[in-house]
Amino acid sequence: MRDDIARARLKRVPAPVRDRMMAARAELPPGGITTVARFYDVLADREEDPFLPSRASFAAACRNESALGLLLRMLERHAPEVCLAEGRALRKACYRARSSGSGRSGSARPRRVTEPRDWPAHWAALLPALKEAPIGDSTLRRHMASVNRCAALLPGLTCPPRIGWLLGWEMARSFRDEGLRPATIAGYLGGLVSLAAHGGVDPDAVAGLRSVQMSCLREARRTPKLKQPRIEALYVKGGYAEVVRAIVRELDRADWRAEAETARATAAILAVTLNVPPRSGDIASWRLGEELVREPWGAWRLRWQQEKTGAWLDAGTLWPEIGWVLDQHLLAGRPPRHAHRRYTELVGMNWLSHDPAGFDRRWPSEKVSAAIGVPLHDLRTLAADYLRLHDPVAASAVVAALLGHATEEAGAEYAALSRQTAAQREWMDIRAQHAKGDKRGASGSGV
């Protein structure tokens, strides 16, 4: 195509966009000029804002998904000022239609269904009782995954797979040979303990296996946690100040490109953790209009049932600054006046993906880790540390409420640290008072 023909086709395209395309003429893919020209012809005929095109305009300009993909790529490169949110939403709809709604493409992954692998027959016979036990689905999956891990060791063990102390001891030794930490070993053995206990195995045999597990737990308490160096590194960066800086960085990255959707979602996750730090599996499952509700005047409310404990946690109305970040993720580049209209369109959708299907339960933690260097769960510890240092006397109860602990045992470590911090501060106050008294005595002696 000659330059004069190309310019003629682009006559209704804004001059800056036309000039950029003509300057990169040699690099343009086949059909690029025609696709962009047709898009701007549609906008002109519909008298639409060229900076905020509607989904209908994208659909009218593109006869199929490949044409839509080409248009989005061309606009992303040569017309960065154009909001592509509706075009990308249309392309997502094409993906869903192509897969008949069976799942999401891209970074979303289907939830894993844990099934028994290589279990001995007498272990498998205990499974129905475990499935009937009064435990949550996530706990059941975790136990089954742990038993799978134990079963993988069996071919290399010298003892038979009979549940009891000897089997637990051999497994713990093999796990240590693999370099696993005591807490991890205790978790794997805990799955086998649960299978045996709910399955009605001889109590003495269960007690023997449990004794090995508890030995590993005691060893774990004496072993420094891996998260401690991560938390200390985050403190060096500024703690929550670094979290806020990460939110700003992610929003600064957010333009109209596809990766901007991930950046805005990451910023929204980090923002929510400033208000209340949830678990990754919970935050991945929230839906607009259910757990997260936006009022017409712009306030956001959050209330959800924790998967781990089954308890409800009501965060109430989120801080206005948090709501503003949630709006940025919701709008995906659209003007602020469209916020509640966009919310009503997405009611019932997953709040992160804006689709019926959400991301994998680990996705939020992975994105937080990429943004600030620590997984999402570490921010729960960071919140507890801030509260403990602010008011050690009241911290234990506040932490339990904020983190949604269902039992006193769950927050026992935080409570112990809070008592220790309170005692240290009280002792420092006593020493300071004695020091003042010594100074007064010295000045009054005339020496």
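Reader: How many strands are in the open sheet, and in what order?
Author: The open sheet has three strands in the order β1-β2-β3, with antiparallel pairing. Strands here are DSSP runs of E, at least two residues, numbered from the N terminus, and two of them pair if DSSP finds at least two bridges between them.

Reader: Which ones are the edge strands?
Author: β1 (292-294) and β3 (312-317), each pairing on one side only. From one strand to the next, the twist averages 10°; axes are lines fitted to C-alpha atoms, for helices over the stretch in contact, and angles run from 0 to 180 degrees between N-to-C directions.

Reader: Is this a predicted model, or what is it?
Author: Predicted: local features need pLDDT of at least 70, side-chain atom pairs count only at pLDDT 80 or more, and totals for chains, interfaces and linings use all residues. Residues are numbered from 1 along each chain as its sequence is written, and side-chain values use heavy atoms, leaving out hydrogens and water.

Reader: Back to β2, how many bridges join it to β3?
Author: Five, between antiparallel strands, with β2 covering residues 300-305. Arginine 301 has threonine 317 in β3 as its bridge partner.

Reader: Which helix runs at about 85° to β2?
Author: Helix α17 (residues 320-331), which lies across β1 and β2. Helices are DSSP runs of H or I, at least four residues, and contact means heavy atoms within 4.5 Å.

Reader: And what about α18?
Author: Helix α18 (residues 339-346) also lies across β1 and β2, at about 140° to β1.

Reader: New topic: where's tryptophan 165?
Author: In helix α10 (residues 165-177).
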